[in-house]
2 protein chains.
Amino acid sequence: MERTTYCGLVTEEYTGQEIVLKGWVQKRRDLGGLIFIDLRDREGIVQIVFNPDFSTEALAVAETLRSEYVIEVRGKVTARDESAVNPKIKTGKIEVQVSEVMIINKSETPPFQIESEVDIAEEIRLKYRYLDLRRESLANTFKVRHQVTRAVRNYLDESGFYEVETPVLTKSTPEGARDYLVPSRVHEGEFYALPQSPQIFKQLLMIGGFDKYYQIVKCFRDEDLRADRQPEFTQIDIEMSFVDQEDVIRMNEGMMARIMKEVKGIDVKLPFPRMTYEEAMRDYGIDKPDTRFDMKLKTLNELASMMDFKVFKDAVDNGGSVKALVVKESAEKYSRKDIDALQEYAKVYGAKGLAWVKVTEEGLNGPIAKFFDEGVTAELLNETEAAAGDLVLFVADKTSVVNAALANLRNKLGKELGLIAEDQFNFVWVTDWPLFEYDEEAGRYFAAHHPFTAPKAEHMDQLLTDKDAVQANAYDIVLNGFELGGGSIRIHDQDVQAQMFEALGFSKEEAYEQFGFLMDAFKYGAPPHGGIALGLDRMVMLLAGKSNLRDVIAFPKTASATCLVTDAPGPVDTAQLDELNLALKATKA
Amino acid sequence: MERTTYCGLVTEEYTGQEIVLKGWVQKRRDLGGLIFIDLRDREGIVQIVFNPDFSTEALAVAETLRSEYVIEVRGKVTARDESAVNPKIKTGKIEVQVSEVMIINKSETPPFQIESEVDIAEEIRLKYRYLDLRRESLANTFKVRHQVTRAVRNYLDESGFYEVETPVLTKSTPEGARDYLVPSRVHEGEFYALPQSPQIFKQLLMIGGFDKYYQIVKCFRDEDLRADRQPEFTQIDIEMSFVDQEDVIRMNEGMMARIMKEVKGIDVKLPFPRMTYEEAMRDYGIDKPDTRFDMKLKTLNELASMMDFKVFKDAVDNGGSVKALVVKESAEKYSRKDIDALQEYAKVYGAKGLAWVKVTEEGLNGPIAKFFDEGVTAELLNETEAAAGDLVLFVADKTSVVNAALANLRNKLGKELGLIAEDQFNFVWVTDWPLFEYDEEAGRYFAAHHPFTAPKAEHMDQLLTDKDAVQANAYDIVLNGFELGGGSIRIHDQDVQAQMFEALGFSKEEAYEQFGFLMDAFKYGAPPHGGIALGLDRMVMLLAGKSNLRDVIAFPKTASATCLVTDAPGPVDTAQLDELNLALKATKA
C-alpha cells in the first residue's frame, strides 16, 4: 500500500476519499463493538475506526493492536458526528473508516506514554530519546529548527552569500574557552583542535575574495554542561567584505525579519531599536536587556550624596553606585516576607542587601524611609517617576554588583508580575562595546570580543594609552533578554592588528607565532570586512517556546552522559590507547 | 562610496551608467598617457580606464597602483572600440571611465600571479590559500559547490525532508575505518569519537518518527591522505521511513536531475540505467563502471577450454577467468611497444601478463595467434564482436585480478582514445550487492556495507548457511566511473538484526554490548526505513571538472600539513598535555 498523506494532515478536505496511512498506535479505545485508534505520525494524530460493518478482518487485527505498534491502514475519510468533533486537533472533524490494516512492526510496552506533556524524569526520556522524539511537542521543535535554517539559507542565498565549509580539524587557538583536542596519528605528537568558531577561516575567505560567506556550523567548547550550554553547538556564521557596521546590521535585520515571518508568521518592525552598551548597563544593568517590559534601573548617586544614609553614601564614595527599581503598583502585593525573598535572590548575585520603600499618598514607608527627608523624597519621586502604590527597591554596592543584582531581580519580577506578553519578540541591538575588558584576577586586559575586532577609528590613538575608553565597532543582537548573537567589523590593516596585539600585551614574536598567518595575509590586499555569528540552538529555543537547550538538539549531551550510549564518550581499545600514548610521548620528546 | 555591482557583472547593459566598484588590481597597463587596469572581484574582471580628460587626480592615484591593491572606483560605463572588444570575457564589450578612485588597502608583491591557470607548486598555492582562492578557476568551484548544496536543500525541503543535525562528538564504532578520538576531560578516561557517518543516528531518527531526514554533514576518517581522500569529508545524508528500494532510488534520481539542471543546465534523462553488481563486475570488471563509452569486458572461459593454450586453460581450471577487451579500430594505432606499456599498466593491478591479438581481414596476428585455430577464431570474433582492424587484449588469472586489470585498462584506454565526450554525465545504479564480503586475511565474513543493511527477503534463509549467495537491498549510484554514493534498506526487525550479528560472528553478548541501544530501539515500533549517503566533495569535483579533491575544499589537508597553519595539527601546551595524560591514565586504571 502506498501512503497517500500524513495522519496529521487529514482534514475535512479529504472527506469521502479513500486514503492510506502509516503510523504508530497512540491510543486504543474499544467502544460498543467498535475500536477507535489514535494513529500518529510526524504531522500529528488522526482517529481511525474499526467497524465490523466495514471489515470484520480489520476489526480482528485491531483487537491485537497495542501502543506504539506500527501499522498501515486503508480507509475512507468520513465526517465525525457533531458530538464527536474534537476542536483541539486539526483532524478533529473527521475520522477514517478502516477497510484494511496491516501490522508493520510490534512494540513492547514503552517505558512512558508518548504524549506532548509527560511527567517523566529527563534522564529516562533521554535514555529512550527515540521515543521522546515521537512526542508532538518535541517533534514540533525540530520542525521550527528546520524552518529557521531554511529561512536563513534562502535569505542569504538571495542576498548573494556563498555557503562555504571551514575545517573541523583545526589548530588550537590560545585565547578563549578550552579546546577539544584530537591527537593526530598521521602527524605523531601533534594535535588538532575542534573550532570554537570559524572566525579566522572566514576572515581568510574574505581576504580570498569570497565577498559574502555564510555557514551553519558546529562549534565546540570543552566545558562543563549547563542547561544553557552544550559542548557542541551550532552557529549561523556570516562574514561580508567592503561593509561597515550599518551594512551588517541591516542585512541581519532583514534575515531576522524573514525568519520571524516564515517561522512565526510575524511581521517584525524594522529597524530594530538600538542602545549602546553603556545605556544597556545603565538602564538594565545587563548587556542583554529584556525590553518586553519597562521597569528600567534608575541611578541615584546624586540623591545618595544628599542623604544621611551610610550604606548609600559609602557605595558612592567608594566609586560604586546606588540604583533603584520601581515596581509599579506593587507596594501592596509584596509583604515584608516577599521582599525578604527578593533580598535572598539579590544576594545570589553578590548584593549585601536589598533596601526598599513603599510609596503612599502620605509619603514613604519602610525600614529606610527615615533617611528620606521631604526634599530627598521629592527628588526620589522625581528621578524614578515612582508614585503612590509603587514599591522601590535599592541596591548600593560596587557598580557591577548593583547591576547584576538589579538586572536579575528585574527579570524575575517581570515574569512574576506577568509583565511579559506571551509570544512577544523584542529585538534590540547593543552597540559601542568596549574593545577591552580588564581581568582583575589575571591583572591584565583581554579583548572583550576577540583580538580581531576593529577599534573605532576615533579611539585609535587611545589604544595603548587609555584602554578603558576605547570602543569597538562591535554589536550584539538581543532577543527577549537572550544574546542571540554578536559580531564586529574586523581589523583589516596589518599595522592596526599589530598595535592591537601590542595593546593586549603580546610581544611581536608571540603575536607572530600565534597569528602570523593572519598578519601575513593582511599584507596582500585584505578588504575591509565584518560579520556576525548567531546561536542557532538558542534562537530555535526562543522561537519554539522552550527553556532548555536539550529540547532543540536531537541528541544532546548530558552531564551524566548516560542519555544515549551512541552519544556519550566511552573507553577505547588497547591498540587505540597505545597509539595515543605514542602520540603523547612524541609530544613530550 | 556604495558599491553598485560586481566587476564581473558589468555587461553592456550598464552602458552610460555611473557605477561604483570595489575589487583587486589584477593587472595594470600604461598606454599613451592612459592607464588600463583589470579590476577583479568574486564575479570576474572588468577593464577600468584612467584618462586625464576624465580626472587627472584619479590618473595620479592610478600611477601608484600595483597588483592586488584593493581599490574602489566610481566611473561611467562606455562601449569599447570595436578593435578593443575582448570576446573571451563577459565584460569584454565595455570599459569603465574612472572619475574617482580610492586605495582601500595596499599589497606586497604576491608570491604568484592571480590567474586561472598558474604553474606553481601546489604547496606554495596552499600556503597562500587566501591568494589561491582569488583565482577565477578555483573561485568558480565554490560557486558550483554552493549551487549543488542549494539545489539539494531546495529539492529535499520541497519533498518534505527535515534537516536535522546529529552529534559530532559520538561513541567509537567498532567496525570500519579508524576513528579520530577526542579525550573527554569532563568524563575522565573516556573518549569521544568523530563520526565516520551519522548512520546510527539517522536510524534512531526514523525510529523517532521523523519520517524524512537529511543533513549535509562532515564525517571523519583517521586515514592517510590521498588525492581522492581527505580526513574530513562532507556527505549528503538522507534517510526515509516506510520506503523500499524503488522509493529511495526515485527520490535520488529527482534530486540528481535537479542538481544537474540548476548547476549545469542539463536535462538528464530519468530513470537512470541500472545494472546489478554481478553485471557490473562481468561487463566492466568494477563496481563503479564508467558508462560514457562501451568497450565491455567479454568473458571467454568457454573459448579458453576449447583452446590448447595453457595460460588460458590453467586460469579457468583454477577457478579463475579469461576475459578480453576489444579496442575498436586500434590494431594499427598500437605498436608492440605501446602494448608493452599497456602490459606494464595491467601488472600494477596484479596481472601477470597481457595477451593480445590483432584482427585482420586474413585472421589473427600476434604472439598468441597460433593458439587460435579456425574454429576458435570464429568463436572469438562471434563472442567479442571483434572485426578486422581491432585490437583484442586478454587477461587470464584469478577473476578478481582479471577484473581489476581490465577495468583499469579500459578506463585508461577510454581516455587515451578520446572515447569520452567532454561534459557528458552518465549516471548508473549498481544494485543487488552481496550482503557479505569474505576477508581472506581475517578469515571471516564482514558486512559488505554495514551490519544494518537488510538482506533480500528471499535470501533470509541462507543468512547463516550460504553467505556468499545472500544479496542485500543495497544500491550505489555511479557517475562517470566514480562512486557518488550508496545506500540500502535497513533492517528494522530485532530478530533479523540479531541473526545478522550472529552471521557476522558476534556472540549475543558482544552484539548487545556494541549495538544494544539500536536493538533496544527496535523493540518499540521501528518503521521500515532506508536511505543513501552521497559524497558532496566528489560530486562537486566532477561537476566542476576538477580532478583533485583539494580543489573543492576551501581549506584542505595535505600530507605535509604545512599548507595553512590554522588547518594543521600543532603541539599543545603542558597543562593540556597533563590533562590528556590524566585521561589516559584513568583509562588504563
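The contact between the two chains takes 115 residues from chain A and 115 residues from chain B. Keep in mind that this is a predicted model. Chain A and chain B bury about 10,400 Å² between them, with 60% of that on carbon and sulfur atoms.

**Where the chains meet**

- The size of an interface is often given as the accessible area lost when the parts come together.
- Eight salt bridges turn up across the interface of chain A and chain B.
- One salt bridge to look at pairs the side chains of E165(A) and R145(B), at 2.5 Å from N to O.
- Polar contacts across the interface of chain A and chain B come to 48 residue pairs, counting those with both residues at pLDDT 80 or more.

- You'll find N105(B) in strand β5 (residues 94–105) of chain B.
- N105(B) has a relative accessible area of 11%, and buried means under 20%, so N105(B) is buried.
- A polar atom of the N105(B) side chain sits 3.0 Å from the backbone oxygen of H492(A).
- Leaving out residues up to four places away in sequence, N105(B) touches H492(A) and A526(A), plus Y69(B) and V70(B).

**Helix α6 of chain A**

- The 20 residues of helix α6 (residues 245–264) of chain A should span 28 Å at 1.5 Å a residue, and the end C-alpha atoms are 27 Å apart, which agrees.
- Of those 20 residues, 15 are buried, so α6(A) is largely enclosed by the rest of the structure.
- D244(A) caps the N-terminal end of α6(A), with a side-chain oxygen 3.1 Å from the backbone nitrogen of E246(A).
- Just after α6(A), G265(A) takes a positive phi of about 70°.

**Helix α10 of chain B**

- Helix α10 (residues 336–348) of chain B has 13 residues and should span 18 Å at 1.5 Å a residue; its end C-alpha atoms are 19 Å apart, which agrees.
- I339(B), L342(B) and A346(B) are buried in α10(B).
- Looking down the axis of α10(B), the buried residues fall within an arc of 55°, so they line one face of the helix.
- The buried residues of α10(B) pack against β14 (355–360), β16 (391–397) and α12 (399–416) of chain B.
- Turned away from the buried side of α10(B) are the exposed residues K337(B) and V348(B).

- Most residues other than glycine have a negative phi, and most peptide bonds are trans.
- In chain A, a cis peptide bond joins L270(A) and P271(A), with omega about -10°, and P271(A) is in the loop between α6 and β11 (274–276).
- In chain B, the peptide bond from L270(B) to P271(B) is cis, with omega near -10°, and P271(B) lies in the loop between α6 (245–264) and β11 (274–276).
- F242(A) has a positive phi near 60° without being a glycine; F242(A) is in the loop between β10 (232–241) and α6 of chain A and is buried at 10% relative accessibility.
- D211(B) is another residue other than glycine with a positive phi, near 70°; D211(B) is in the loop between α5 (199–207) and β9 (212–220) of chain B and is buried at 3% relative accessibility.

**Salt bridges**

- The count over all chains comes to 80 salt bridges.
- E12(A) and K93(A) meet in a salt bridge at 3.6 Å, N to O.
- E12(A) lies in the segment before β1 (18–31) of chain A and K93(A) in the loop between β4 (70–79) and β5 (94–105) of chain A, so the pair ties together parts that are 81 residues apart in sequence.
- D390(A) and K328(A) form a salt bridge with their closest N and O atoms 2.8 Å apart.
- D390(A) is buried at 2% relative accessibility, whereas K328(A) is partly exposed at 45%.
- E262(B) pairs with R258(B) in a salt bridge at 2.6 Å between the closest N and O atoms; both lie in helix α6 of chain B, four residues apart, about one turn of the helix.
- A network of salt bridges links R125(A), R129(A), D132(A) and R135(A).

Notes:
Residues numbered from 1 in each chain as written. Chains lettered and ligands numbered in written order. Heavy atoms only, no water. Helix = DSSP H or I, 4+ residues; strand = E, 2+ residues; numbered from the N terminus. Buried < 20%, exposed > 50% of the residue type's maximum accessible area, 1.4 Å probe, protein only. Polar contact = N/O pair within 3.5 Å; in protein donor to acceptor, adjacent residues only side chain to side chain. Contact = heavy atoms within 4.5 Å. Expected span 1.5 Å × (residues − 1). Arc of directions from axis to C-beta. Buried area = accessible area lost by both parts, 1.4 Å probe. Salt bridge = Lys/Arg side-chain N within 4 Å of Asp/Glu carboxyl O.
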